[in-house]
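Student: I have a structure open and would like to go through it with you. Could we begin with the words I shall need?

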Amino acid sequence: MSLRWLQLLGLYAAAALGLALTLVPLAGLSIRAPWASTLELLQMPSVRSAIGLSFAVSGAATLLSLLLGFPLAWLLARVSIPGKRWLRTLLTLPLVLPPVVAGVALLAAFGRYGLLGASLDAVGIRLPFTTLAAVLAATFVSAPLLITSLESALLQAEVRLEQVAASLGASPWHSFWTVLMPSIRPALLAGLALCWARALGEFGATITFAGNLEGRTQTLPLAIYQLLQSRPEAALLLGALLLVVSVLVLASLRGHRPAP
Amino acid sequence: MRQPDRAAGKAATLLAAALATLPLPTGCQASSGSRKPAIVVLAAASLTEVFREIGTAYESERERPVRLSFAGSQTLATQLREGVRADVVAVADPEILADLVERDLVARPRQFATSRIVWVLRRGPAGAQRRDPMDLAGSDWQLVLASPEVPAGAYARRALDALGLREAAEARVVSYELDVRGVTAKLRLAGADLGMVYATDVRPDDPDLELVELPPGVRVLAGYGAGLVREAAQPDGAVAFLDFLDGPRARQILTRAGFGTP
Amino acid sequence: MSLHARVQLSRGSFELDVELSARAGETICLLGPNGSGKSTLVEALAGLLEIESGEIVLDQQTIESPRAGVRLPPQLRPFGVMFQGLWLFPHLSVLDNVAFGPRARGMSRSEARSRAEPLLARLDLERLADRKPPALSGGEAQRVALARALAVEPRALLLDEPLSALDLEARPRTRSLLQQMLQAFDGIRLVITHDPLEALLLADRLVILEEGRILQSGPADEVRRRPRTPYVASLTGVSLLRGELRRKHGTPCLFAEDLELPLPEATMVEGDAVLATVAPNAVELSTEPPQHHQRGLLAGEIESIELAASHTLVRLATRPRLCAEVSSEAVSRQGLRPGLRVWASVDGGAVDIYPR
């Protein structure tokens, strides 16, 4: 048996293991889920409100990540500032932080006894236990995914093309939409998809910072965890439904790659 | 410069409190040199501190390591139903234990301790007048309860019914925690005003939280039950641990922590 | 219409200091070696780099002047720029690339396209209108870039290395098309190149740039015949001598470093500082010291030997440096090779002398 053949075998074996690690739990979930009770489950008010809230919260978190993340990514990719390496590391920290710790960190900042909590309290704003808190928690953990993918897209985009556009009379705004946007679009969409998926699955930071109240802060992952206590089968089904929706959304975004 | 020290210390306790709510294994240290396999104990979140102490006492007395895993009682039940490997289980609700026995997952059930449901509130600034939880109905307080699916939540609901405050309370709940330790964490960290927990969840000298007993005549007792896991890998060790739990040493530890013992 | 530019700026250790005037209807070629600052100048004119001092004025309009605090952003400058490397928008069709400028300046999509279409026709690009740039050949892409620069109806055309994207075979055809388009454009025309042949063919006026400074400028023919720097001289292959005219033993001589070159009797002024060019075929090589005294003599090592189809150029590390043309047959007969010490004799009657 040649060495090359062995190497190839090793490669396939490792890849198969990797695939199995992803697919087997998902398959287990799909097989165990009592699909027949889907309709009944979807008629439960708590489930409906969790679904609605989850889409609202993850959507808002993705939008917020874009609004706050784009300027940051621009700064990192296009502006020369001192300490950029440190800034970049700082911005990706939420990715390695355990989500519960992220929640505690948010409380330490915006909680009633946190750094900014007293000032917020003075103007009548209490963030914990609000839907906004759930949005902030999801944004905190998911924005780095969008920022890193945008930053590398901006680094790869040719500045010279934007200069050419300017020399042809394009305002920075016009050149942004007609020249930069088409070139970063695939990375932007991929980043948005990742960011949204992470926000949709967010659990630890949300329960810690925002709590768990139906209709206000109980997103799907929290509802699933709570259902697991009383109706494990329903929790499985809801988890499987979340999976299906995520796959559909991610696949539709992936399909948006422009033709070469 | 005492301010930063205090702030740092506070942040550390807050973090510890938040992490204690995690349904993750937080094993007791095995005593060194021991070759015997560890006894795996699943215990309710509200037993966290007291079981660590009992575990350490058992380890030093019997020279056998104990590994502890804490979570909400319902989560523990789910884990057992899904076949998690364990030797002993201790939950905060006799009904959950009975259900596990009925499913033939657990044997030799016994009640080894009780705790009572109380109000917990955030200490106000020094000199401020103490809030009376019974004024809940006319307040704008943020109330945190355990989710009704977990024992502490079910007991709290029973207590509120008895107090005639359930409707007023449910209108003010800002979070239903997935285990009882989440309630104290929300009071410490997130700024909620009031909650309901087991009396044993908060030490009397806690700097941030204070316990207020329910009015006389309303008494809601939680029973803590333990049993032997049917599929235990260490059945002899598990039986020995359960006996230890009923013995004088463990009772002493439980009583000191505020639990009632049979 | 006229453009006047005085551009001073520094980038790291490189300094650019250039003064340039151009009138409508003449093609100015800016010629210089790589790294001489040609592209930097284009970027400064286009507004991509800020000038530190000087000014850029088109007709009466000040486009940039640090002293007056004026700096038009790139999009408001009336220039049509073709950048080195072309930089077509890869996601837009040929038609939309050409229509980009008019569209960016506020025209509707259909207006912009109708502005672009005649240009496509003039540059023989009609059948490629729907293609994307990655599917174009070098010559096609070059024409699209030119059309795109013309579509904004600029008052000045700035073309940076317009032919460098092409392979050698495609150059002559595209060059003549470029020549036609330049002739038809009635604004200011500035072409930047490092290729002397291209410069000599396209230019009405040549400007030679070296290390950020203009070394020589003037009508193309004059610059070619009367080079002022070794670089300019090397473009046409002549050797440049820098010296003085004096008599020695009654004979007029050109003294340049180690060279003492007897000249035929001619109108000359004693002590004149002059420049002189020596054509390669006026230099003879020998491996023995030659005997005739009517010629200037220099000894030195051969630096390099360049073989061409019909002749061979031998560069000598003499003071001043000389370039000699020998027959290929002579190379082998005399055993010429780099490092060999040889004698060069220069024919005084074949040098062209002009004031410094």
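Tutor: Let us begin with burial: a residue is buried under 20% relative accessible area, exposed over 50%, and partly exposed in between, using a 1.4 Å probe and protein chains only. By that rule, 51% of the 356 residues of chain C count as buried.

Student: What kind of model is this, and how is it numbered?

Tutor: This is a predicted model, in which local features need pLDDT of at least 70 and side-chain atom pairs count only at pLDDT 80 or more, while totals for chains, interfaces and linings use all residues. Residues are numbered from 1 along each chain as its sequence is written, chains are lettered from A and ligands numbered from 1 in the order in which they are written, and side-chain values use heavy atoms, with hydrogens and water left out.

Student: How many helices and strands are in chain C?

Tutor: Chain C has 9 helices and 21 strands. Here helices are DSSP runs of H or I with at least four residues, strands are runs of E with at least two, and both are numbered from the N terminus. The C-alpha trace of chain C spans about 80 × 50 × 35 Å along its principal axes.

Student: And what about chain A?

Tutor: Chain A has 12 helices and 0 strands. Its C-alpha trace spans about 75 × 65 × 35 Å along the principal axes, and 44% of its 260 residues are buried.

Student: What share of the contacts in chain A is between residues 24 or more positions apart?

Tutor: A contact means heavy atoms within 4.5 Å. Among contacts in chain A with a separation of 6 or more, 74% are between residues 24 or more positions apart. For chain C, the corresponding share is 63%.

Student: Which chains touch the most?

Tutor: Of the 2 pairs of chains that touch, chains A and B have the most contacts. No contact joins chain B and chain C, and their closest C-alpha atoms are 47 Å apart.

Student: Back to chain C. At what angle do α2(C) and α3(C) cross?

Tutor: Helix α2 (residues 94-104) of chain C and helix α3 (residues 109-122) of chain C cross at roughly 120°, and their axes come within 8 Å. That angle makes α2(C) oblique to α3(C). Axes are lines fitted to C-alpha atoms, for helices over the stretch in contact, and angles run from 0 to 180 degrees between N-to-C directions. Angles under 35 degrees count as roughly parallel, over 145 as roughly antiparallel, 65 to 115 as roughly perpendicular, and the rest as oblique.

Student: Which residues meet there?

Tutor: Among them, V94(C), L95(C) and V98(C) in α2(C) are part of a contact that includes A112(C), A116(C) and L119(C) in α3(C). The residues of this contact divide into 9 nonpolar, no polar and 6 charged. In this scheme Ala, Val, Leu, Ile, Met, Phe, Trp, Tyr, Cys and Pro are nonpolar, Asp, Glu, Lys and Arg are charged, and the others, Gly among them, are polar.

Student: How do α2(B) and α9(B) pack?

Tutor: Helix α2 (residues 48-62) of chain B and helix α9 (residues 248-256) of chain B pack at about 155°, with their axes 10 Å apart. The two helices α2(B) and α9(B) are therefore roughly antiparallel to each other. Their contact has 6 nonpolar, no polar and 4 charged residues.

Student: Which peptide bond is cis in chain C, and where is the proline?

Tutor: The bond between R319(C) and P320(C) is cis, with omega about -5°. P320(C) is in the loop between β18 (312-316) and β19 (322-326) of chain C.

Student: Why would one remark on that, or on a positive phi?

Tutor: Most residues other than glycine have a negative phi, and most peptide bonds are trans.

Student: So is L86(C) buried or exposed, and what is its phi?

Tutor: Phi of L86(C) is near 70°, a positive value in a residue other than glycine. L86(C) counts as buried because its relative accessibility is 8%. E257(C) also has a positive phi, near 50°, but E257(C) is exposed, with a relative accessible area of 51%.

Student: Last topic: what does M44(A) touch?

Tutor: Leaving out residues up to four places away in sequence, M44(A) touches L227(A) and R231(A). M44(A) lies in the loop between α2 (38-42) and α3 (45-78) of chain A, and its relative accessible area of 18% makes it buried.
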